[in-house]
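Here is a briefing on the structure shown below. It moves from a sheet to a helix, then to a chain and a contact.

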Amino acid sequence: MINKFKQLAIAASVAAACLGATLPSAYAAEEQFFMLPSYRVGPYGANGQSFYGGFIDYLQYVNMKGGIDGVQITWEECETEYNNAKGVECYERMKAKAQKAPGPIHTMSTGISYALVDKATADKLPLAMMGYGLTSAVDGSVFPWAFPLVTTYQMQASAIIKFMKDKNGGSLAGKKIVHLYHDSAYGKEPILALQAESKLNKFELIEIPVAHPGNEQGAQWQRIRQEKPDYVILWGWGVMNMTALKTAQKMGFPRDKMIGSWWAGSEEDVIPAGDAAKGYMSATWNVSGKAVPLIADIEKTVYGGGKGNLKDTSKLGTILYNRGVSAAVLSVEAIRAAQAKYGKGKAMGPDQVRWGLENLNITEARLKALGATGLLPDVKTSCDNHEGSGKVKMQQWDGAKWVPLTDWIEGNKALIHPLFKADAAKFAKEKGITPRDCSKEK
Amino acid sequence: MFYRETGQFKTSYAADQQIFPIRQDRVGVILLLLVAFIVVPLVAGSYWFNAILIPFLIFALAALGLNILTGYAGQLSLGSAAFMAVGAYAAYNFQVRVEGMPILVSFLLGGLTAAGVGILFGLPSLRIKGFYLAVATLAAQFFIVWCLTKFPYLSNYSSSGVISVPGVEMAGFTFDTPQSRYLLVLSIVTVLALLAKNMVRSTTGRAWMAVRDMDVAAEVIGIRLMHTKLLAFAVSSFYCGVAGALYAFLYLGSVEPDGFSLDLSFKILFMIIVGGVGSILGSFLGAAFILLLPIFLDISLPWLSELLHLPFDGATVSHIQLMIFGALIMFFLIVEPHGLARLWQIGKEKLRLWPFPH
């Protein structure tokens, strides 16, 4: 018996050795490694599945089309469960692999991004935070390695106000607007921007926090009923959105006076609310649906080839899936930009990818070439402006799908960007960072 | 054969009262410390420091704090994470608001603030016991997190409520490498753990244990209940507070109130249950078990599934990891309800008789 085990053990170890021997050959070609601290389980797992599904599908798509000018993309996932400590563990585990030729790191979590900003700066790895925080990283002179690309909470809040203003004939004076928010970093970030807007546009701003997770909002909506606001801005996350919509219906507040942030505007938020969600609007920086040629092509190429990442293909073309694709598009474009400067067909080092992210210029023409017209706004970053766009669209839920209402709306940059500057300066002072001089960057 | 105290004669009170009265224990602890202070920094890589060793030491310290309160003084608490939050935010505020504040003093003041808050929330323990007290400390958990979210002053008016701590500097030396951070954490944890080890066998510790075993009897023999219980709360919260400050300054670098949720309190409670209630060593073993096992499973399961050609993807691995983790906790609790520390103790007793067990 013991002999048998011995034989088995020897056979197993020989097999393992053979496996080990075959592995290295796969690493011979030029490769760009994406670390993906993703989440597919836990309270927000459903959101993560769509987002990272879209992200990986696009990377797969690029590989199937021959890579980034011949450079193949590799990636590795690590489950964070949206937990900061786990996110840090994942980052530390994968960073050695990423140090040679990294892709931008997407955590899709404000908390993990905060925890990684210092670490990524010290390790010189580019951190992307598309549409979440740390938002003051818009000021690239203080945060060279962090990129809150496309748009930030503050610019989004400003764009929402602009949208309301346009609806009300150009003025919001004397109106009452409620900011109903998830009481966390995520919900609080837009407050300063909204206060500045309220001063500028002379509307009354009422801030009402909802404690996590937000599945009971009776008291908050009582107050909203007393205040009779003209609009409610819903800055919710997860179960809070569905509850808000249902409670609004119960209290008789019109849903078409409610505007959500982009984390309150996916299918996962409205479908569970049933018909209470009809007419509800939200901001978004990418459209849903498979009408975009790129999404249709991914479905044909990647899923047709049996290499799709999503198990539940009904999520294809949802808001969050398309957001994952958009994030991947920008990441790959940054590497392309770097290659254009430092040598085509080569794997890009951390510094070069950082340069690529800082010098992104995705025009409408480029989006068209990618088949992504209308999927996301045009983006042009610089050392001064790591955000690069600040544009969002408004969309409305018609009971079955999100319908885009407007073209891209840009927030009030002149009002909001100085807020980032001030916040970044405070951060630099607390941490003892000397900001670099953006005029000297090339 | 090797682990036997025969022939070790104690001829002075000092020798009789040392922390580790058996020579082999003493040698063992010194060797362990030498390894931790000298060998580990030489061989470990940055992943080991940042993702394993530093959080392990910090959580061991927090578990130690809870063990003092729950294991030694018998007061059940579900507020450990909240006391960590107090320590972290207090240390941050002292560091940011007072110019030139030495970092160690900030940690100390963070711990003391947590101790003060701990005394406040320990007051109900004079009237209520057991599960009811656990519910009262639950109030601390929710109140403190709410308070840190509610008052922007406490996060130095950060627009998001998240605090991002300044770099750690001491006498011109910046602790920015993983090694230096690890050594700083290790020094603080070593000092506090030895202090705790000493404290639990002193008058104070004996009073705690008397209260734990039967508080009426303890009162009858002249132990002041209020004083003893509140002291336990204060010391325990101090340890948790320092752990919280280390967590913010030397581990994550930025914390938000939501990070110190009830989940974290439970995690610390599980550490002492698995490690051993009423044991200093148990706090370390428990922290290691709860923190490291998931990471180990996380790394080994994908490798295993590849080797055996099992169709696991990332999400499945996470689910399986949770299942194995849960099953192992149950297994340990059934096989050894007194925790890993008890296993170690049994091992030592066996070792004394080895190789001639009767």
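In which sense do S3(A) and strand S4 of chain A pair, and over how many bridges? The pairing is parallel, and two bridges link S3(A) to S4 (residues 127–128). Keep in mind that this is a predicted model.

**Sheet in chain A**

- S3-S4-S5 is the strand order of an open sheet in chain A.
- Three strands make up this sheet, with parallel pairing.
- Strand S3 (105–106) and strand S5 (146–147) of chain A are the edge strands.
- Each edge strand pairs on one side only.
- In S4(A), A:Leu127 is the residue opposite A:Ile105.
- Strands of a sheet pair through backbone hydrogen bonds, in either a parallel or an antiparallel sense.

**Helix H11 of chain A**

- Helix H11 of chain A spans residues 293–303.
- Its buried residues include A:Leu294 and A:Ile295. A:Ile298 and A:Val302 are buried too.
- Why do the buried residues of H11(A) line one face of the helix? Seen down the helix axis, they fall within an arc of 95°, so they share one face of H11(A).

**Chain B as a whole**

- Chain B contains 14 helices and four strands.
- Its radius of gyration is 21 Å. A compact globule of 358 residues would have a value near 21 Å, so chain B agrees with that expectation.
- Along the principal axes, the C-alpha atoms of chain B fill a box of roughly 70 × 65 × 45 Å.
- Of the 358 residues in chain B, 44% are buried.
- Take the contacts in chain B with a separation of 6 or more: 76% of them join residues 24 or more positions apart.

**Contact between chains A and B**

- Chain A brings 32 residues to the contact, and chain B brings 27 residues.
- On the chain A side, the elements that give two or more residues are strand S2 (72–79) and helices H3 (84–98), H4 (110–123), H6 (185–188), H7 (191–201) and H15 (413–431).
- Which element of chain A gives the most to the side that touches chain B? H3(A) does, with seven residues.
- By class, the side of chain A that touches chain B has 14 charged, twelve nonpolar and six polar residues.

Definitions and conventions. Residues numbered from 1 in each chain as written. Chains lettered and ligands numbered in written order. Predicted model: local features only at pLDDT ≥ 70, side-chain atom pairs only at ≥ 80, totals over all residues. Contact = placed C-beta atoms within 7 Å. Nonpolar A, V, L, I, M, F, W, Y, C, P; charged D, E, K, R; others polar. Buried ≥ 20, exposed ≤ 12 C-beta atoms within 10 Å, placed from the backbone. Arc of directions from axis to C-beta. Rg over C-alpha atoms; globule rule 2.2 N^0.38 Å. Pairing = 2+ DSSP bridges.
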